[in-house]
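User: I would like to learn how to read a few features of a structure, one at a time. Could you walk me through them?

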Amino acid sequence: MRKTTGAPLDDNMERHKPPGKFAFLPWLLMISGDVQDLAKGAFPHPWLGGLGVAAFAVLYTATVMLGLDRARLGTRTPRLLLLGVAVVAYALSLGYGGEWLMCFPVLSLAAGIVLRGNRALAFAVLGIAASAGVIAGWHSGAENAMITGYGSVMSGMVTASVLRLFETVAELRETREELARSAVERERLRFSRDLHDLLGHTMSVIVVKAEAVRRLAPRNLDAALGQAADIEAVGRQALTEIREAVTGYREGSLTTELDRARSVLDASGITADIRQSGPPLPPQTAALLGWVVREGVTNVVRHSRAQRCVIEVRGAEDRVHLEISDDGRGVGSSEPGSGSGSGSGSGGNGLKGLAERLAAGGGSLASGPDGKRGFRLTAELPVDESDGDGEERAA
């Protein structure tokens, strides 16, 4: 995925992986000096001290390994192991008179790993630092107490902060990828909806005009040839629109759709009454209304068996109203298996897609029976003058 120039930190995290499970094991070398003294016999009961060192190293290693496992971080096992590390650290430091103070920064580091993102982290780290400072001050003076306490605080808090930073960046990256996938899905849905509207309308026009050719051919060859020429023109225009839809540049035209609506209604034997009033519309508003005209007229031709269809566009300064009504069979009249349309009552995929598209533009779509007979489709949209100069109104 392309990185943005405004996220240098994210770019850095992309290049560097978070610390692995073995990255924190070298911190055990902090107690290497005490281990050497123990081996030289500087402490009494060296065998007991050796067991304590071995237990500390094993428990610390297990704590780090489980603490860096995201799947087991929230379980009790890492916290119990951390408690075991703390018990051994305090036992060594108290049992040997404050000589094993370097165990506390290592213990605090383990606490930062296990408790990162938890409210208990601050209390645990401060508790470790305070007790380490008290033990160091009791045996070695105030200066050593400050160094030990400060080192314990820093090792725990810095470790937790670094790990949380890496995890947050990873979560943000996952969220960004999920948003990208969602955007792709939305674009696919938009594209399939556009193709449905384009091809559904075009095929309806071709079928209607082909039927007109069949009816006219025996008695009026010239009229039949005119309808055949219209079929060719509609097919060519459909190819152009599909290519434009694929490249994302298609913008509908209300004037063009109204002209097509008159042509297809006339060819279907339906009287077309088209009225338009009000100021010129911005291109985006006109494009959305063009989709409504396309879908509405397609449904009238397919399902209504109407004798008359009225298309009325009433524009105002801030809002435009489009209404398509017919005197057909009304609600419940669609043919079995029809996916949408006037009279279906269900709205179908075409009307659902239109409703979503108008809602995105701040408008609304309503459909339902028009009295005892017929069907009415109503769309309203706000007029956004920022879209640019208005489209020239149809004559």
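User: Which residues of H3 are buried?

Analyst: Buried means under 20% relative accessible area, exposed over 50% and partly exposed in between, with a 1.4 Å probe and protein chains only. In H3 the buried residues are Gly49, Gly52, Val53, Phe56, Tyr60, Thr63, Val64, Leu66 and Gly67. This is a predicted model, where local features need pLDDT of at least 70 and side-chain atom pairs count only at pLDDT 80 or more, while totals for chains, interfaces and linings use all residues. Residues are numbered from 1 along each chain as its sequence is written, and side-chain values use heavy atoms, with hydrogens and water left out.

User: What span should H3 have, and how far apart are its end C-alpha atoms?

Analyst: Helices (H or I, at least four residues) and strands (E, at least two) are DSSP runs, numbered from the N terminus. The expected span of a helix is 1.5 Å times one less than its number of residues. Helix H3 covers residues 46-67, 22 residues, so it should span 32 Å; the end C-alpha atoms are 31 Å apart, which agrees.

User: Which residues have the most contacts inside the largest nonpolar core?

Analyst: In soluble globular proteins, nonpolar side chains tend to be buried together. A nonpolar core here is a set of buried Ala, Val, Leu, Ile, Met, Phe, Trp, Tyr and Cys residues joined through side-chain atoms within 4.5 Å. The largest one has 37 residues, and Phe24, Phe56, Tyr60 and Leu107 have the most contacts inside it. H3, H4, H5, helix H6 (120-140) and helix H7 (142-216) each give two or more residues to this core. H5 provides the largest share, nine residues.

User: How many aromatic pairs does a search of the whole structure find?

Analyst: A pair of aromatic rings is described by the distance of the centres and the angle of the planes. Rings of Phe, Tyr and Trp (its six-membered ring) pair if their centres lie within 6.5 Å; planes under 30 degrees apart count as stacked, over 60 as edge-to-face and the rest as tilted. The search finds one pair. Tyrosine 90 and phenylalanine 104 are edge-to-face, 5.0 Å centre to centre with 70° between the planes. Tyrosine 90 lies in helix H4 (residues 76-95) and phenylalanine 104 in helix H5 (residues 103-114), so the pair ties together parts 14 residues apart in sequence. Tyrosine 90 is partly exposed at 25% relative accessible area, whereas phenylalanine 104 is buried at 0%.

User: Which charged ends sit over the ring of tryptophan 291?

Analyst: A charge sits over a ring if NZ of Lys or CZ of Arg is within 6 Å of the ring centre and within 35 degrees of the ring normal. For tryptophan 291, the charged end of arginine 294 sits over the ring at 5.7 Å from its centre, and that of arginine 357 at 4.3 Å.

User: What about strands: how many bridges join S3 to S5?

Analyst: Two strands pair if DSSP finds at least two bridges between them. S3 and strand S5 (residues 375-382) run antiparallel, joined by eight bridges. Valine 320 stands opposite leucine 381 in S5, and histidine 321 opposite glutamate 380. Strand S2 (residues 308-315) also pairs with S3 in the antiparallel sense, over seven bridges, and a hairpin joins S2 to S3 through three residues. Strand S3 (residues 319-326) is mostly covered, with seven of its eight residues buried.
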